[in-house]
Number of protein chains: 2
Amino acid sequence: MKKIAVIVAGGSGTRMNNEVPKQFLLLKGKPVLFYTINSFLKAYDDLKIILVLPEAHIAAGQEIIDAFFDYNRIQITAGGRTRFHSVQNGLAMITEESMIFVHDGVRPFITKQLIQRCYAAAIETGSAVPVIDSKDSLRMITENGNEALERKNVKLVQTPQTFHSKILLPAYSIDYKDKYTDEAAVVEAFGLKINLVEGDEQNIKITQKIDLIIADNLLEDTPVIS
Amino acid sequence: MKKIAVIVAGGSGTRMNNEVPKQFLLLKGKPVLFYTINSFLKAYDDLKIILVLPEAHIAAGQEIIDAFFDYNRIQITAGGRTRFHSVQNGLAMITEESMIFVHDGVRPFITKQLIQRCYAAAIETGSAVPVIDSKDSLRMITENGNEALERKNVKLVQTPQTFHSKILLPAYSIDYKDKYTDEAAVVEAFGLKINLVEGDEQNIKITQKIDLIIADNLLEDTPVIS
């Protein structure tokens with residue numbers, strides 16, 4: 001089946017400041033986004049990428065593609081107000097039946113193994129959402145305060161969230177709600193069940209300086225570029 | 001009020017293997033546990049520590065104390081089968097009215113500021129449990145599969161979980177259940193409300209190799225030892 005990765009790299013700048021977005025920060029001299037894109041291109045020869053970037057960063061994204069990759073395999077489109085809207089913009093470019101991987105641009109340590117595990121599971125069931133256990137106890141905020149959640153029943157969700165186009169494309173015709181923090185929530189709200197697969201502890205999301213320090217060191221251990 | 005930190009450093013070896021427990025791994029030449037103990041001793045001059053260690057590691061713990069600290073401020077006791085039982089053993093040594101901080105031995109980046117924030121809040125309300133937001137979407141395992149949890153309503157729990165002795169000591173007379181993954185769950189099961197305070201993103205729990213890499217680099221940024 002055709003394979004398309006929709007790589008979502010930041011909203012359209014709801015937090016307006018002068019910081020370089022995390023996807024463009026350098027890890028061992030290359031932008032975070034380089035590693036993310038590279039992993040997907042290496043996972044399957046016939047995989048194509050739709051890169052969703054804030055309007056203001058499309059030129060920067062194009063520079064990365066021109067410098068490192070085969071431009072025939074990557075298209076860029078502009079992001080929206082939220083992650084939901086950015087994914088929606090990416091999906092709008094998909095016209096063929098395909099397996100769709102929606103992935104955070106700021107998770108550069110995605111492995112070929114995890115991508116292939118998601119694909120295999122989604123071929124079987126229509127969806128594959130990678131999750132890991134929480135190392136921390138969890139509490140739920142309630143009307144009157146807060147209460148413990150049973151940790152063993154809660155999973156932390158990673159990406160690539162992987163869905164057959166026949167599921168994901170119609171699901172994204174739904175009206176946006178704040179609680180749609182990922183694709184699984186959208187597909188579930190559309191009435192479909194979500195199939196979980198085992199994620200990867202190293203598939204971290206770079207959201208702050210400390211994460212970049214981690215990431216820089218992970219590269220020493222993990223040869224990301226083949 | 002008297003201040004006592006119960007530092008819990010590993011169970012009694014439910015995972016029997018030859019690995020060095022994380023609390024004894026070295027960060028910049030000193031054991032993880034050194035940094036944890038040091039932060040508490042520096043936070044308050046009148047704070048004392050009860051260090052709870054697996055029976056087999058008490059000698060190693062005593063060596064750390066002898067090498068670096070004033071032994072008058074630190075007592076060691078043996079851990080139990082689970083974290084709950086280890087904390088219970090630590091609490092059994094407390095006879096005076098006090099403010100009790102229960103802290104993970106493998107969270108060495110605990111700051112004076114967070115310890116003092118917990119103390120101030122617990123003086124007001126009897127309890128203070130530090131929490132941070134989840135950066136990941138979350139799913140709950142249910143009888144029939146799984147469903148999205150609203151991320152904005154869920155908090156990841158850190159330590160030091162801080163309670164007045166009048167609350168924590170009687171709460172730990174409760175019978176053990178698997179779901180008591182932290183002190184807050186025990187106090188709540190005992191029928192009391194939990195007061196949350198803002199945690200600290202850098203107050204990470206070292207549970208695997210990648211965390212140690214992070215930790216080693218955090219030390220370069222954050223002068224932990226004054």
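Is Lys3(B) buried or exposed? In this predicted model, Lys3(B) is buried, because its relative accessible area is 8% and residues under 20% count as buried.

The side chain of Lys3(B) meets that of Asp46(B) in a salt bridge, with a distance of 3.0 Å from N to O. Lys3(B) belongs to strand E1 (residues 3-8) of chain B, while Asp46(B) lies in the loop between H1 and strand E4 (47-53) of chain B; the pair therefore ties together parts that are 43 residues apart in sequence. Asp46(B) has a relative accessible area of 43% and is partly exposed.

## Other salt bridges

Over all chains, a search of the whole structure finds 20 salt bridges. One of them joins the side chains of Asp133(B) and Lys155(B), at 2.4 Å from N to O. Asp133(B) is in strand E7 (residues 127-133) of chain B and Lys155(B) is in strand E10 (residues 154-157) of chain B, so this pair ties together parts that are 22 residues apart in sequence. Asp133(B) is partly exposed, with a relative accessible area of 46%, whereas Lys155(B) counts as buried at 17% relative accessibility.

Glu150(A) is partly exposed, its relative accessible area being 32%. Lys152(A) counts as exposed, because its relative accessibility is 59% and the class begins over 50%.

## Two helices of chain B

Two packed helices are described by the angle between their axes and the distance between the axes. In chain B, the axes of helix H1 (residues 32-43) and helix H4 (residues 112-125) come within 9 Å and cross at roughly 60°. H1(B) and H4(B) are therefore oblique to each other, and H1(B) passes H4(B) in a right-handed crossing.

Which residues make the contact? From H1(B) they are Ser39(B), Phe40(B), Lys42(B) and Ala43(B), and from H4(B) they are Lys112(B), Ile115(B) and Gln116(B). Sorted by class, the contact of H1(B) with H4(B) has three nonpolar, two polar and two charged residues.

Terms used
Residues are numbered from 1 along each chain as its sequence is written. Chains are lettered from A and ligands numbered from 1 in the order in which they are written. This is a predicted model: local features need pLDDT of at least 70, side-chain atom pairs count only at pLDDT 80 or more; totals for chains, interfaces and linings use all residues. Side-chain values use heavy atoms; hydrogens and water are left out. Axes are lines fitted to C-alpha atoms, for helices over the stretch in contact, and angles run from 0 to 180 degrees between N-to-C directions. Helices (H or I, at least four residues) and strands (E, at least two) are DSSP runs, numbered from the N terminus. Angles under 35 degrees count as roughly parallel, over 145 as roughly antiparallel, 65 to 115 as roughly perpendicular and the rest as oblique. A crossing is left-handed if the near helix is turned anticlockwise from the far one by less than a right angle, and right-handed if clockwise. Contact means heavy atoms within 4.5 Å. Ala, Val, Leu, Ile, Met, Phe, Trp, Tyr, Cys and Pro count as nonpolar, Asp, Glu, Lys and Arg as charged, and the others, Gly among them, as polar. A salt bridge is a side-chain nitrogen of Lys or Arg within 4 Å of a carboxyl oxygen of Asp or Glu. Buried means under 20% relative accessible area, exposed over 50%, partly exposed in between (1.4 Å probe, protein chains only).
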